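Reader: I am new to reading structures. Can we go through some terms, one by one?

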Amino acid sequence: MSTMLQDYDHLLNIDPLSQYDILTTNPESHLNALGRCKESLNGRWHFTVDVYDTFLRKKFFEERVTDAQGRALPVDCDFDQWETVEVPSNWNCQKKEYWYFEGSGIYTRTFHYVPKAPDERVILHLGAANYGCRVWLNTRLIGRHTGGFTPFSVELTQHLKPNAGNRLILEVNNTRSVDQVPSLNYDWFNYGGVFRSVDLYRVPACYIRDSYIALAPNNRYDTLAVEITVDGAGSGIPVWLEIPELSLSVMLHTDAFGVAKSELTAKPQLWSPQNPKLYRVMVSTEGDRIEELVGFRQITTLGKKILLNGQEIFLKGVCCHEEIPERGRALTPADQRQVILQAKELGCNIMRLSHYPHDRNMALLADEMGMLLWEEIPVYWALCFENPTTQASAQNQMTELVMRDRNRASVVLWGVGNENPDTEARLDFMRALVDICKRLDPTRLTTAACLVDIDVMTVRDRLCQYIDVVAINEYYGWYYRDYTGLATILENTKLDRPLVISETGADALSGHHGMDEELFTEEHQAKMYQKQLELSEGSIQGFFPWILYDFRSPIRLNSYQQGFNRKGLISYDKTHRKLAHRVIQDYSCSVKN
Ligand code: GCB
């Protein structure tokens, strides 16, 4: 009878799924310090889409193998007979039938666990799963995460079976919902699934969970601020930090919270796009050791100027989504390198990784290749700003992003939002995000793409006073045909801090030519950029064309678009450079930094 009730739960007006919402992971307790050995769980996983959430309703994760009569149970589920898909990947790209699927997908695999040390802890780390993810190990629900683009980790130790097969199940759900971040409506494709790496880390009982090192924000360039968090430690545990090239080798001690903090004298060569100098930084405790490459630089503002290492810099930017034909958001390191190279070819010194956190490797590559980054979370258009669930999700995502990338010299801007209407609730919401950035990372600037108030033709978003760099998205020459509006806005906007154009653009179908007043031609797009650059010259501290590549967007429905936003300077397949590409290239060459 009780099994029957599960099938009729909707008649009883209860939500049997809500019981799976209780476990959440604390964003500040994730394993962030990854510069150590890992065991990859990438590869083929058994997979099914689960349209009615039957897996949860019928508790298939309990994996009862036989009943009293010896029958194989559950009757309707047989993990090992499911098809297999590649992890990481977006399920939309795995099979034609899954292209528009929004709902739950279940991934499962087993792995053999052989302990290597008596006190070892095992941590599962996921690069990203869009949007919600629940994790089961050997029939137990052990973790839950929301937010489709940031990493999270779950400790497996307590529930692992040594010297035996262990079953891992990930239930990932990409259903759009009004209280999420992003919400129901946005201008990109909602790829679902586990699309970044899944790894196991073996760590000792006391392990280095996080290590944060940067030039102290004092404008002197001779002090490094370090903060190392040791999980499982009390006070007085020794922690060593070494930077051989700076002849730096110090021993610190943890406080009662397991945190070792200090300021150290050192004068590193400064990182910049022209000289992306990285230092090998080693952190160790008695039983643990991590190593990563870190660059040191200062990013500050002075009045309207943006300063990199004390020198004024104009941000020659470009925006970019994370997408590759046929594979959705599952870019390989070679794809990522190509993206940065193509931004460099355009003459950029900064990329806006819009509108959500891109893969962690982008920032590692940008560090190595000398590209500045603006990173952001999908606080995009209208959200339920007054809703505590939405607030918690945005704060989680912001925390996870900052924690993930605060050692990356390339990252100079944290973006807290994009085109959000100025209301009281939204202002509080955004201020909380700015506070998180400043608390976790006082060394970088904050920004947001603000709305222009077209009634009074100026930027008067109240958020401007809380962010370091004000950014505006404006589409004069496209959504507004008359360019003069741009000149008026720039003239009317009186700010005491830097202003950048964080987006502007026009759709052009790759290879479609015509007169420069004809919409959707490459000529029109090129002309639009010429006008924009002319009109904004001298009034801004940065310019970010929207966008490097065409991208998929189900809200773009005319005959030129057909499911794509065509504002790319380069075609969707990343091969054809449109005419506007040359305009931006020439412009970038002409701006000297
Ligand atoms: C915007 C949005 C961006 C869109 C773009 C457009 O303002 O921030 O996500 O894709 O405009 O093409 O309309």
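Author: Start with tyrosine 100. Its relative accessibility is 64%, and it counts as exposed.

Reader: Why is tyrosine 100 called exposed?

Author: Exposed means over 50% relative accessible area, buried means under 20%, and partly exposed lies in between (1.4 Å probe, protein chains only). Tyrosine 100 has 64%, so it is exposed.

Reader: What kind of model is this?

Author: It is a predicted model, where local features need pLDDT of at least 70, side-chain atom pairs count only at pLDDT 80 or more, and totals for chains, interfaces and linings use all residues. Residues are numbered from 1 along each chain as its sequence is written, and side-chain values use heavy atoms, with hydrogens and water left out.

Reader: What makes phenylalanine 189 buried?

Author: Its relative accessible area is 7%, so phenylalanine 189 is buried.

Reader: Why is the pair of tyrosine 380 and tryptophan 381 called tilted?

Author: Rings of Phe, Tyr and Trp (its six-membered ring) pair if their centres lie within 6.5 Å; planes under 30 degrees apart count as stacked, over 60 as edge-to-face and the rest as tilted. Here the centres are 4.5 Å apart and the planes stand at 35 degrees, so the pair is tilted. Tyrosine 380 is buried at 5%. Tryptophan 381 is partly exposed at 23%. Both belong to one aromatic cluster, which also includes Phe149 and Tyr356.

Reader: How many salt bridges does the rule give?

Author: The count comes to 43. Among them is the pair of aspartate 80 and arginine 167, at 3.1 Å. Aspartate 80 is partly exposed, with 44%. Arginine 167 is buried, with 7%.

Reader: What makes lysine 277 sit over the ring of tyrosine 279?

Author: A charge sits over a ring if NZ of Lys or CZ of Arg is within 6 Å of the ring centre and within 35 degrees of the ring normal. The charged end of lysine 277 is 4.7 Å from the centre of the tyrosine 279 ring, and sits over that ring. Lysine 531 sits over the ring of tyrosine 483 at 5.5 Å.

How values were computed:
A salt bridge is a side-chain nitrogen of Lys or Arg within 4 Å of a carboxyl oxygen of Asp or Glu.
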